[in-house]
Amino acid sequence: MSIQYNPAIHFSNVTYSVDHTTILKQITGSFPDGKITTIAGPSGSGKSTLLKLCNGLISPSSGDIFIHGRPIEQFEPVELRRTVGFALQHAPMIKGTVYDNLALPLKLAGHTLSEQDALSYLESVGLDPSFLHYDTKDLSGGQRQKVSIARTLVNRPKILLLDEITASLDPQSSKEIEQLIEYVNETYNVTMIWITHHLEQAKTIGHYTWIIMDGEVIETGESSLLASPKTEKVKRFVEGGLT
């Protein structure tokens with residue numbers, strides 16, 4: 001990317017291998033602070049592995065990762081998880097109520113979430129206060145995803161990783177989550193790094209986009225690159241020639 005910006009996360013020659021198989025190959029690039037960067041590419045190209053590296057769920061085989069200019073290995077695990085939140089496609093919940101789930105991050109840190117604060121988090125993701133004491137097993141997919149994002153916000157992360165969070169949702173719920181992501185980004189200035197298979201979503205919601213194929217970053221730039229790829233490989237992917 002030729003545009004100047006402050007990096008929220010920077011990768012420098014990062015390689016990740018497991019069982020003698022290289023999943024990611026010498027990844028170098030930055031995710032702009034305060035912006036939404038979408039990550040697209042064929043299945044199995046290493047996108048989810050990249051996200052796991054961003055908050056220390058796994059460690060690189062070689063290379064360096066920096067969070068706001070600080071080497072990732074200098075973060076204590078709890079500090080890193082609070083700085084870099086993670087929302088997953090299936091929005092896993094603990095048994096109990098919406099409040100129980102929202103309170104979990106602070107409970108793990110030995111603190112208590114007040115009902116007043118819990119209600120404010122529900123409001124921030126567009127859920128009615130009546131949901132606070134709903135059993136999570138009674139929530140729809142879209143509602144679960146909203147609760148998952150609200151729970152992540154309890155830690156007040158500076159960076160939020162999103163892994164295919166609309167993949168199993170109906171079109172209306174997907175649209176609501178897209179609007180929520182834009183709202184959280186603009187209101188809380190949270191940096192978003194979002195894996196999506198929906199290229200139109202990547203183009204319209206993302207400020208920037210990374211295209212990853214076979215463990216390598218092929219193109220990065222403003223999300224408009226999806227309308228006019230520079231490489232033939234990415235062009236074929238965008239046109240549906242690669243899956």
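Which side chain meets that of Glu 200 in a salt bridge? The partner is Lys 203, with an N to O distance of 3.6 Å. The model is predicted, so local features need pLDDT of at least 70 and side-chain atom pairs count only at pLDDT 80 or more, while totals for chains, interfaces and linings use all residues. Residues are numbered from 1 along each chain as its sequence is written, and side-chain values use heavy atoms, with hydrogens and water left out.

**Salt bridges**
- The structure holds five salt bridges, a salt bridge being a side-chain nitrogen of Lys or Arg within 4 Å of a carboxyl oxygen of Asp or Glu.
- Among them is the pair of Arg 70 and Glu 79, at 2.9 Å from N to O.
- Lys 146 pairs with Glu 176, and their closest N and O atoms are 3.1 Å apart.

**Placement in helices**
- Helices here are DSSP runs of H or I with at least four residues, numbered from the N terminus.
- Helix H7 (residues 199-205) contains both Glu 200 and Lys 203, which are three residues apart, about one turn of the helix.

**Accessibility**
- Buried means under 20% relative accessible area, exposed over 50%, and partly exposed in between (1.4 Å probe, protein chains only).
- Glu 79 is partly exposed at 30%, and Arg 70 is partly exposed at 28%.
- Lys 203 has 33% relative accessibility and counts as partly exposed.

How values were computed:
Helices (H or I, at least four residues) and strands (E, at least two) are DSSP runs, numbered from the N terminus.
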